[in-house]
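Q: I'd like a close look at a single part here, please. Take me through the way it packs and then its surroundings.

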Amino acid sequence: MRKFLKILAKPFTETAGLARWMLVIGLAITAVFVILAIFAPLLAPYGFAQASADGVKFPKAGAPSGDHWFGTDRLFFDVLSRVIWGARTAIEVVILSIVICVAVGVPLGLVSGYYGGWVDRILVLIMDAMFAFPSFLLAIVFSFLLTGLLGGTVLAVALSLSAIYVPQYFRVVRNTTVSAKEAAYVEAARAIGASDFVIMRRYLFGNVVQSVPVLGTLNAADAILTLAGLGFLGLGIQSTDAAEWGHDLNRALADAGSGIWWTGLYPGLAIVLLVTGLTLVGEGLNETINPTLRRRRLLPVVMSGPAAREER
Amino acid sequence: MTGSRSGSLPRYILQRVLLVIPMIWVILTLVFIVLRVAPGDPVSAALGGKLNDEALDQRRTALGFNDPLIQQYWDYLSSVVRLDFGTTFSDNQKVLEVVRDNGGATLSLTLAAFVIALLLGIPLGLVAGRYRDTVPDVVIRVFGILTYAAPIFFVGFLLQAYVAKPLGLPTSGAAGVETVFYMERDGLNKTHVLLFDVFLSGNSYYIEDVLKHLLLPALTLGLLICGVFIRLVRVNILQTMQSDYVEAAEARGISTSKVTRRHAFRNALVPVITVIGLQFALLLGGAVLTESTFNWPGLGQRLVEYINDRDYVAVQGIVTVFAIAVVLISLLVDIVNALIDPRVRY
């Protein structure tokens, strides 16, 4: 338990200055959205597709007021409620897609890197081709297909997003596996008769998954944007099933010229904030883990004698 | 020495060109599997409600959708080799003509966005890297993160709501109705790229009109990748500033500003060229959203329309064209890179 806490605290203890601040601010922003997502039913004043309360219809595209802090949109929905419920949709989709990515990408990368041979070559070729393909187009094609099969559900969108990110996990895990399997401890394990499965699970897994958290947070930020992009094009989650920021912005675009700013501003700000938060966490972690960028806290060096110069 | 260098460059290029073929093949196969093997066939998806079962089946047979999959796969690959990407269902146009008529708008949008991104991103990245951990660095980095974090359609929304009106800038389309009409009537659309055509025509009214329409969409798309350039240039500056030759130059007593200008900046810019190739893919994805936001008559906009019509042939054709374009651009970038940086060839 203590060891675990130590690992968790590593990004804080090993960073200084800006990197630490980025990490703290990023975590705070992300935490706010996670709380919004979990407690959406309690925090949101109304439902995400609720157009009236107590038998009174909401105003159409009403400006922000005491009853509706963020105003209402053209479908009579309360913008604040849709922003809060949108956090739940975004976080659900992102967590689901990252779980899928890790569950598919990590084992594939391990097996491919460990065994090598023609399986490895074919997998690398396929993954490289997917990686070279414009990721947003890939998501569009997959969601075109999956929403046709599964409807505009959270699962369909999460799967479309996974299609973009699996190659990245595969690549990172495969490459680290290739170099790690030559290490002396792996050879030692093999010498005492450990099977391939045991070597992969007990010896390699722990060493190759270290870069997954950074990748995960950075991908989460990207996934939020892709989800919103799909929603904006009308390819994501249907607006009656859940609140989705991108789709709301699409409807708000028609208002931009007519002075109705609240329908677009708030969902847009929500996206920007959450993506910024996740990016800050990812970058903060990256600076901790990537030694070429790391700037450790330096202790002042005191040299005696007349030639003593200040340390750079 | 010179012999071995000039000998290995053509070999590298040849290897790289040969690699394009399996790359395109894998992507085509992927596109085919995703769009064709999946359940539900294109004909009933597009025309399901409009024709009876018999007529649907006739259409399917005529278009080859009742053939065995392997036959369809072969037909698809061989038609792509002949540069025949099929005819769309919904409006009965050749995909290649759709690409010709709309690709130009996408091309001018992405080019303009690139120019804006480089003009903004490189100087900002240099400043941030040079003055690490100071106020300008923090401000520029936050700006870089924000440009990445703000979705295209949100930036577009803000520009449309707060900038377009006061400045009197158009927010829809690539040119005014008049410009499009007269350019076509007078036969001035020689290259099918409006941006180039108006410059060729030399008519300042058309040029102004097209540039005005281009400004906001290009700025929106440019901001998206500008953040990438800022980050990249900044990190490269940090790494080159720590390198031995910079230290050596400093040790020789050359002033810090001269070292950064003459030694560090140049080398920090080399990787930018590599990344330009990668950004092209991002830019194409971004172009789809920008075109939707500004009603820009490009390929991305058409793609979304065809997706809403569930026109499989058109989607498959346009996606194939995009894929080939990306592979070819990355080939070009790798070759340019090998010309500039000898280490790449080995």
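A: H10(A) and H11(A) are oblique to each other, because their packing angle is about 40°; under 35 degrees would count as roughly parallel, over 145 as roughly antiparallel, 65 to 115 as roughly perpendicular, and the rest is oblique. This is a predicted model, where local features need pLDDT of at least 70 and side-chain atom pairs count only at 80 or more, while totals for chains, interfaces and linings use all residues. Residues are numbered from 1 along each chain as its sequence is written, and chains are lettered from A, and ligands numbered from 1, in the order written.

The two axes lie 6 Å apart; they are lines fitted to C-alpha atoms over the stretch in contact, with angles from 0 to 180 degrees between N-to-C directions. H10(A) passes H11(A) in a right-handed crossing, the near helix being turned clockwise from the far one by less than a right angle. Helices are DSSP runs (H or I, at least four residues) numbered from the N terminus.

At the contact (C-beta atoms, placed from the backbone, within 7 Å), H10(A) residues including A:Leu227 and A:Phe232 meet H11(A) residues including A:Trp245 and A:His247. They divide into 6 nonpolar, 5 polar and no charged; Ala, Val, Leu, Ile, Met, Phe, Trp, Tyr, Cys and Pro count as nonpolar, Asp, Glu, Lys and Arg as charged, and the others, Gly among them, as polar.

Now the partner chain: 40 residues from chain A touch 40 from chain B. H10(A) (212-232) and H11(A) (245-253) are among the helices that each supply at least two residues to chain A's side, but H6(A) gives the most, with 10.

Note on methods:
Contact = placed C-beta atoms within 7 Å.
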